[in-house]
2 protein chains.
Amino acid sequence: MEYTFSDNLGSLKPSAIREIFKSLTDPSIISFAAGNPAPQSFPADALADLAADIFKNNAAVALQYGITEGYTPLRQAVARRLREKFGIGRAIDTTIITSGGTQGLELCCRALCSRGDVVLAEDPSFIGALNSFRACGAETVGVPLGADGIDPAALEAAILAHPRTKLLYLIPTFQNPSGITTSWEKRKAIYEIARRHGVMILEDNPYGELRFAGEDIPTIKSIDEEGIVVYCSSFSKILSAGMRVGYVCAPDAVVQKMVVGKQCEDVHTNLFFQMITYRYMTEYDLDGHIREIQDIYRHKCTLMLGCLDAAMPKGFTFTRPEGGLFIWCTMPDGIPMMDFVKRALERKVAVVPGSAFLCDPTAESHSVRLNYSTPSDDDIRRGTAVLGTLAADMLRERG
Amino acid sequence: MEYTFSDNLGSLKPSAIREIFKSLTDPSIISFAAGNPAPQSFPADALADLAADIFKNNAAVALQYGITEGYTPLRQAVARRLREKFGIGRAIDTTIITSGGTQGLELCCRALCSRGDVVLAEDPSFIGALNSFRACGAETVGVPLGADGIDPAALEAAILAHPRTKLLYLIPTFQNPSGITTSWEKRKAIYEIARRHGVMILEDNPYGELRFAGEDIPTIKSIDEEGIVVYCSSFSKILSAGMRVGYVCAPDAVVQKMVVGKQCEDVHTNLFFQMITYRYMTEYDLDGHIREIQDIYRHKCTLMLGCLDAAMPKGFTFTRPEGGLFIWCTMPDGIPMMDFVKRALERKVAVVPGSAFLCDPTAESHSVRLNYSTPSDDDIRRGTAVLGTLAADMLRERG
């Protein structure tokens, strides 16, 4: 049988990161390529106690079908936390539970975008989200990401150049892959431009709670008086990534359409882990636990940046994130990025080529993404030394 | 802000069943409207023991990100069971894990169908699947369901009348909503017609293991030499519906495209419950557990049919399923089905109107769906008596 595939999925390839991730079964490779939270960020003992209690006292509910919007006590707890800690959620907004943060991004695009509509995104951006948009038939168009976010004038020009723009996708805080945080001034300017042009903003904030330095900056959703922002986040980086529990806070009309889409995709999110998450939020010290994760990542990020400062020759530059999981390393002129990635892998260090994160996958990139949450301290020391030697070799070869 | 929604989701409404399900919070209502497995069908104690062990010995894996295709030991265990018990799975086929059976149905359509392509389905059919197909932009067209499946000649006529037919969706065993099982002769004839016309078959078999009477009939997938059948099922009816663990066995080329779609939707299925499912399959007596569920449903179905035989006046007819969860009740001429449903609800008995399951939602139906897996024995007795009295009242009024 010759198979012919749909317009939306036919040309879509599996994510390059995911393919790299699958090839990392060689235990001798030091991986800076993953995006996994540190294992210590999952409070396994507390979750085990809660699981035992739910099996004992509430198994009939936890194992049965639930409703698509999510477990009501969890929805209420998330909505309360968003309101009290982040100033998010007005009368027009509704909070629902999704199967990880990615489902929220995908459902937002699925609800709003028809085939050929345009999603603008920071360039580079999270490849998983870009693929989700493409799977909905949307076209992804990049707006170059500067040191403190995209340029508002460039955003407006992009909207004008693409009249079918429906959505602006942003990770304003500790962006993946760059680690960059959009400034408060730019957040306000971006919101104002989107509002003026009737473009919805999809604000993705999976790393926002992982700040280990600097001052918090309010989310874009916190200033959303007009109901143009769909806010997505998840518990993947603070409780468990494998459980797939995320959430969306967005204008009710948009949420209702996303719920229809979610019903078609998976009916509802794993109910048992929705109940565990609710119990953890209300019976344990979630904020205290998050502070412990911040300590781990502060240590690991500081260590990696220190090692890179010591090891990498002049001309290689890095972002200096105040939170999140990633550092973005940019090569000097004349150092071909893909050669660097391939030769690093030959020397048993894996990094992700920056081209994997571009809205136009054929465009050239001079950067790589480095992850510090997954490798051990020793691997961070040894891996950065390998990268430093390679960089020096390549500079010497360039002459 | 005025929101405009996508072509695919814009006109899609939440499922009528789901809305009925949400309105059933009144505990005085006897519900024959749900599709929930009996609570006894979830082996909670065994799952609790396995969960405790996984938290103790394997939490770092279970709480971390997994791969999109699913937990490898579970994929292998499912593939082995499909091969050994059902003769399913050839060299061209691959088995992956999905977030419930519904995700497999949706991903199959998403991979194969572009906007405007046609999915043929038994009429009536499972409304959740029909909506999933519509959410992918496909048009659903019904082929009337007879007492032993759709008519092969009618199927061929429908394919010829709809040149954009890509997919034929079937629940051949204990169909939802009708409880009807497609005969072996018709399965072979349907396969042959689909093969000849290059139409893929999506075989949905969530109830196949719930046979409590009669002889097993081989699945259509078991005769699929050509690689035209995508087979979907789940653990929802035999281990837990709330955990959302299902699976697909289909030609590898199709599966690969579905994996790309799944990555865009939820990255992977809850890993902890994939591990629990694998452990249960390999350390407990799954077949013995299924026999216990069959005993429960044999009892409940026999009870409901006996009560209906005694209570319902002549002219009301029922299917007599040999497994699954549902009985399909058809009204005599001159009894308006929606009136029956509304008046039953006034008398505190909920049933689902047959129109909710039609491919053309504006078409007329003279049937309702009755579920026997969820209500207690006492509710089955009392609820059927109420329906019998109502039926007699309506016949008398008709004159």
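**Reading a two-chain predicted model**

Visitor: Which residues of helix 12 of chain B are buried?

Guide: In helix 12 (residues 337–346) of chain B, the buried residues are B:Phe340, B:Val341 and B:Ala344. A residue is called buried if 20 or more other C-beta atoms lie within 10 Å of its own, exposed if 12 or fewer, and partly exposed in between, with C-beta atoms placed from the backbone. Helices (H or I, at least four residues) and strands (E, at least two) are DSSP runs, numbered from the N terminus.

Visitor: Before we go on, what kind of model is this?

Guide: This is a predicted model, in which local features need pLDDT of at least 70 and side-chain atom pairs count only at pLDDT 80 or more, while totals for chains, interfaces and linings use all residues. Residues are numbered from 1 along each chain as its sequence is written, and chains are lettered from A and ligands numbered from 1 in the order in which they are written.

Visitor: How do strand 13 and strand 14 of chain B run, and how many bridges join them?

Guide: They run antiparallel and are joined by 2 bridges. Across this pairing, B:Val352 stands opposite B:Arg369 in strand 14 of chain B. Both strands belong to an open sheet of 4 strands in chain B, with the order 10-11-14-13 and antiparallel pairing. Its edge strands, which pair on one side only, are strand 10 (317–318) and strand 13 of chain B. Two strands are taken to pair if DSSP finds at least two bridges between them.

Visitor: New topic, then. How many residues does each chain give to the contact?

Guide: Chain B gives 66 residues and chain A gives 66 residues. Two residues are in contact if their C-beta atoms, placed from the backbone, lie within 7 Å. Among the elements of chain B that give two or more residues to this side are helix 3 (44–62), helix 5 (100–112) and helix 10 (271–283).

Visitor: What does the secondary structure of chain A come to?

Guide: Chain A has 13 helices and 14 strands. Of its 399 residues, 56% count as buried. The C-alpha atoms of chain A fill a box of roughly 65 × 55 × 50 Å, taken along the principal axes.

Visitor: Which sheet order do the 8 strands of chain A form?

Guide: The order is 2-9-8-7-6-3-4-5, in an open sheet with mixed pairing. Strand 2 (93–98) and strand 5 (149–150) of chain A are the edge strands.

Visitor: In what sense do strand 6 and strand 7 of chain A pair?

Guide: Strand 6 and strand 7 (residues 200–204) of chain A pair in the parallel sense over 4 bridges. A:Leu167 stands opposite A:Met200, and the bridge partner of A:Tyr169 is A:Leu202.

Visitor: Is strand 7 of chain A enclosed by the rest of the structure or exposed?

Guide: It is largely enclosed, because 5 of the 5 residues of strand 7 of chain A are buried. A:Met200, A:Leu202 and A:Asp204 point one way from this strand, and A:Ile201 and A:Glu203 the other way.

Visitor: What is A:Leu168 in contact with, leaving aside its neighbours within four places in sequence?

Guide: A:Leu168, found in strand 6 (residues 165–170) of chain A, is in contact with A:Leu120, A:Ala194, A:Val199, A:Ile201 and A:Leu202. A:Leu168 is buried, with 28 other C-beta atoms within 10 Å.
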